[in-house]
Amino acid sequence: MKIELNNNKVFFKNLGLRKEIHPFWLRERINGEEHLDKVTQQRLFDPTELKNNVKINKLRLINNFLEVSFNDGTYNKFSIQDILNEFTSNNQHLNKVSWDASLKVFNNFYFEKNIFEKKSMHQALINFYKYGFVIFKRVPTKNNFIVKFANSIGSIRKTNFGEFFNVRSKPNPNDLAYTSLALSPHTDNPYRNPVPCVQLLHCIENEVSGGLSTLVDGYGVSEKLKNDYPNYYKILTQIKVKFQFIDKNVILENWAEMIELDKNKNFKQVRFSPRLDFVPLMDKKKLGLFYDARKKISELYNSDKFKIQFKLVPGDLIMMDNHRLLHGRTKYDINEGKRFLQGCYIDYDSTHGKIKYLKRKFNI
Ligand SMILES: [Fe+2]
């Protein structure tokens, strides 16, 4: 990537392509003190009040800077790197690595005072995007600390289960999570729109021998399905099913794909909660294919080949990507002792925002 000048025009060159940069694009980025607030990086002028046909009077490339004089009398010295940065993907450092049951290194991080302001938090969040989860150890377990933890990364996303929820068996539960039954791998809240992005689960007490936590990489499983069963993959990425949750005062519904792709046909999100999905009425042949595909992906999600299983100890806090990972637990015996977890959700703007902030702070 580079910047070139020709005849008072600025060109951006990349992979054999050469495109002119609109003078107004540069004009609205002028960053002198009188034009830009240095603390907030917000403009001190309204670009919609400028004339759109602004032209460049004078141009100069010196070392790593581009000097531009515009015909409205303004001048600016742009950092070439700043301009190039605008042409690269915002989240290119957030690459995913798919995994299966052979994953051995969990990349645990130890909680410490002010961790949210430290370089280690940046690394933890990078790992979170890489593997879809990260575990913080020795997180304080008193006074609903999970709320403070979540709000130190971003803002809690409140759901129908409240600001945060307590996971322990209770009488008359409104969700199977609040029993001692086994929970097969699932994603949370597929019936919400949008689905909460990140789930935090904090172990407060765990005296039982069962109740192991399970995680499955939905991204890894969907890649496997794409390679080995392309017709199953195709139908699961195309058909929107209804996910529904009925509570006392509300009925939540969302129509969505079990494997959702982005506009470039790349992985975006999985949804899986076979107690809550309703497949639309389609012709018999298509429904037959859909049911085969759903059965196969369920087999893969539940297979020992893809599942990791471990015991959470008090102080462990898992942060997991609810658009990518499935989670569950083995059953436990309430007569053995207490098992108490607290959970809440945050969204990607929190985790992205924190990564960007720490990246800038430590110049990473
Ligand atoms: Fe869950």
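Val 167 stands opposite Leu 341 in β21. This is a predicted model, in which local features need pLDDT of at least 70 and side-chain atom pairs count only at pLDDT 80 or more, while totals for chains, interfaces and linings use all residues. Residues are numbered from 1 along each chain as its sequence is written.

Strand β21 (residues 339–346) runs antiparallel to β9, and three bridges join them. Strands (E, at least two residues) and helices (H or I, at least four) are DSSP runs numbered from the N terminus; two strands pair if DSSP finds at least two bridges between them. Both strands belong to an open sheet of six strands with mixed pairing, in the order β7-β8-β19-β11-β21-β9. Its edge strands, each pairing on one side only, are β7 (109–110) and β9 (165–167).

Two helices pack on this sheet, as tabulated below. Contact requires C-beta atoms, placed from the backbone, to lie within 7 Å. Angles run from 0 to 180 degrees between N-to-C directions, with axes fitted as lines to C-alpha atoms, for helices over the stretch in contact.

| α3 (residues 119–131) | β7, β8 (133–137), β19 (317–321) | about 140° with β8 |

Strand β20 (residues 325–329) pairs in the antiparallel sense with β10 (residues 183–186) over two bridges, and Leu 183 stands opposite Arg 329 in β20. Strand β12 (residues 213–217) also pairs with β20 in the antiparallel sense, over five bridges; here Thr 214 stands opposite Gly 328.
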